[in-house]
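Please consult the sequence and the structure as they are shown here.

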Amino acid sequence: MRVVEGVAAVDDLDTFLGRLSGIADEGGVTVQAFDARYVVGRDHLERAVELADRAIARGENVARERGVEILLYAAGRRQIDDALAMGVSEGRTPVVVVVSDAGGDESAEAAAADAVAALLDPAATLDDYDADRVRAFFEVTEAELDAADGALADLVAERVALLDVEK
């Protein structure tokens, strides 16, 4: 799995997503973009990819497309419409993009990651999440934060993992 960070200047969301889809199709990889303000770190994305792949292998996936299944796990949601809030939107948005080949073809991932990077303004976005936005989206309460010694990333990881239980 490769992670590409940057800022996307999206004038037309369909056009931007079409470019990402074209990169994915050309490389035979999965490309899934996220609004970086919702992503609490690389582990968050790695776990989402791992669980999505496991669900697909078991025939328990909700989405037809691997990228959407990854999005569902990253969001800790079963409803695609709810999970889309973690996706990119029009305007200038900090993004993090997962580029992953289900078979582990690193050269395909690298080529696709380079193509994705060309669409973004370079910026470190992965560890620059919006804690209030994340807490609201994942419905993390103050009591939970206190019990977890303030480790928001741990509580998000729990939400991602609990998605399997909620099926």
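Q: What is the handedness of the crossing in which H1 passes H5?
A: In this predicted model, helix H1 (residues 13–27) and helix H5 (residues 106–117) pack with their axes 9 Å apart; helices are DSSP runs of H or I of at least four residues, strands are runs of E of at least two, and both are numbered from the N terminus. A crossing is left-handed if the near helix is turned anticlockwise from the far one by less than a right angle, and right-handed if clockwise. By this criterion the crossing of H1 and H5 is right-handed.

Q: Why are H1 and H5 classed as they are in relative direction, and what is the class?
A: The two helices pack at an angle of about 160°, where axes are lines fitted to C-alpha atoms, for helices over the stretch in contact, and angles run from 0 to 180 degrees between N-to-C directions. Angles under 35 degrees count as roughly parallel, over 145 as roughly antiparallel, 65 to 115 as roughly perpendicular and the rest as oblique. H1 and H5 are therefore roughly antiparallel.

Q: How do H2 and H3 lie to each other in these classes?
A: The axes of helix H2 (residues 42–58) and H3 come within 8 Å. They cross at roughly 125°, and the pair is therefore oblique.

Q: How many residues of the contact of H2 with H3 are charged?
A: Contact means heavy atoms within 4.5 Å, and the residues involved include His-44 and Asp-53 of H2 and Arg-66 and Glu-69 of H3. Ala, Val, Leu, Ile, Met, Phe, Trp, Tyr, Cys and Pro count as nonpolar, Asp, Glu, Lys and Arg as charged, and the others, Gly among them, as polar. Nine are nonpolar and one is polar, while the number charged is three.

Q: What is the order of the strands in the open sheet?
A: Two strands pair if DSSP finds at least two bridges between them, and nine bridges join E1 to strand E3 (residues 91–100). The edge strands, E1 (2–10) and E2, each pair on one side only. With antiparallel pairing, the order is E1-E3-E2.

Q: Which element has the lowest mean pLDDT?
A: Residues are numbered from 1 along each chain as its sequence is written. For this predicted model, local features need pLDDT of at least 70, side-chain atom pairs count only at pLDDT 80 or more, totals for chains, interfaces and linings use all residues, and side-chain values use heavy atoms, with hydrogens and water left out. The protein averages a pLDDT, the predictor's confidence in each residue from 0 to 100, of 93. Strand E2 (residues 30–35) has the highest mean, 98, and the lowest, 81, belongs to helix H8.
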